[in-house]
Amino acid sequence: MDHHLDVATANILCTLGSSDARASLQAVLAAEPDLVGLQEWGASRYRLLRETGRVGPVPQKGNGHEDKGLGAASEYLWNAPLVGGCAVGARADRFTLLECRPRLLSPVQHADRPDRWLGVEPPRVATVAV
């Protein structure tokens, strides 16, 4: 039994265009990680996730994907929230999703950075998948 687990995380800047974001995602997935965490992955990029697997909502209980069977080795089960921009993925041939939920890390607050819109720091939300 193989107990080896590869995890990859990437902050793929929201300022990147679609083709650069796709290339960055492909570079991360080229290492064939078992679990993937993406930061700054907004709703406009969900179609890029669909190119590599199935995308489900956050929160959810169970495997909210249409096909309940095992996926191909190169296919990922992605869970992407509407807010927060933290998408998580797992190889469909190794994992079954039990639960996925958002976790508030910090609320809306005054921004220290002058470039923030209206001087507000947006909330920080992580995606937790079991």
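**Contacts and charge pairs in a predicted model**

User: Which ring does the charged end of R45 sit over?

Analyst: The ring of W41, with the charged end of R45 5.0 Å from its centre. A charge sits over a ring if NZ of Lys or CZ of Arg is within 6 Å of the ring centre and within 35 degrees of the ring normal.

User: What kind of model is this?

Analyst: This is a predicted model, where local features need pLDDT of at least 70, side-chain atom pairs count only at pLDDT 80 or more, and totals for chains, interfaces and linings use all residues. Residues are numbered from 1 along each chain as its sequence is written, and side-chain values use heavy atoms, with hydrogens and water left out.

User: Where is T52 found?

Analyst: In the loop between α2 (46–50) and β3 (53–56). Helices (H or I, at least four residues) and strands (E, at least two) are DSSP runs, numbered from the N terminus.

User: Is T52 buried or exposed?

Analyst: T52 counts as buried, at 18% relative accessibility. Buried means under 20% relative accessible area, exposed over 50%, and partly exposed in between (1.4 Å probe, protein chains only).

User: What does the side chain of T52 make a polar contact with?

Analyst: The side chain of W78, at 2.9 Å. A polar contact is a pair of N or O atoms within 3.5 Å; within protein, one must be able to donate a hydrogen and the other to accept it, and residues adjacent in sequence count only if both atoms are side-chain atoms.

User: How many aromatic pairs?

Analyst: One. The rings of Y76 and W78 have centres 5.6 Å apart and planes at 35°, so the pair is tilted. Rings of Phe, Tyr and Trp (its six-membered ring) pair if their centres lie within 6.5 Å; planes under 30 degrees apart count as stacked, over 60 as edge-to-face and the rest as tilted. Both Y76 and W78 are buried.

User: Switching to charges: how many salt bridges in the whole structure?

Analyst: Seven, each a side-chain nitrogen of Lys or Arg within 4 Å of a carboxyl oxygen of Asp or Glu. One of them joins the side chains of E51 and R22 (2.8 Å, N to O). E51 lies in the loop between α2 and β3 and R22 in helix α1 (residues 18–29), so the pair ties together parts 29 residues apart in sequence.

User: And which residue does E99 meet in a salt bridge?

Analyst: K61, at 3.5 Å, N to O. E99 is in strand β7 (residues 99–106) and K61 in strand β4 (residues 60–61), 38 residues apart.
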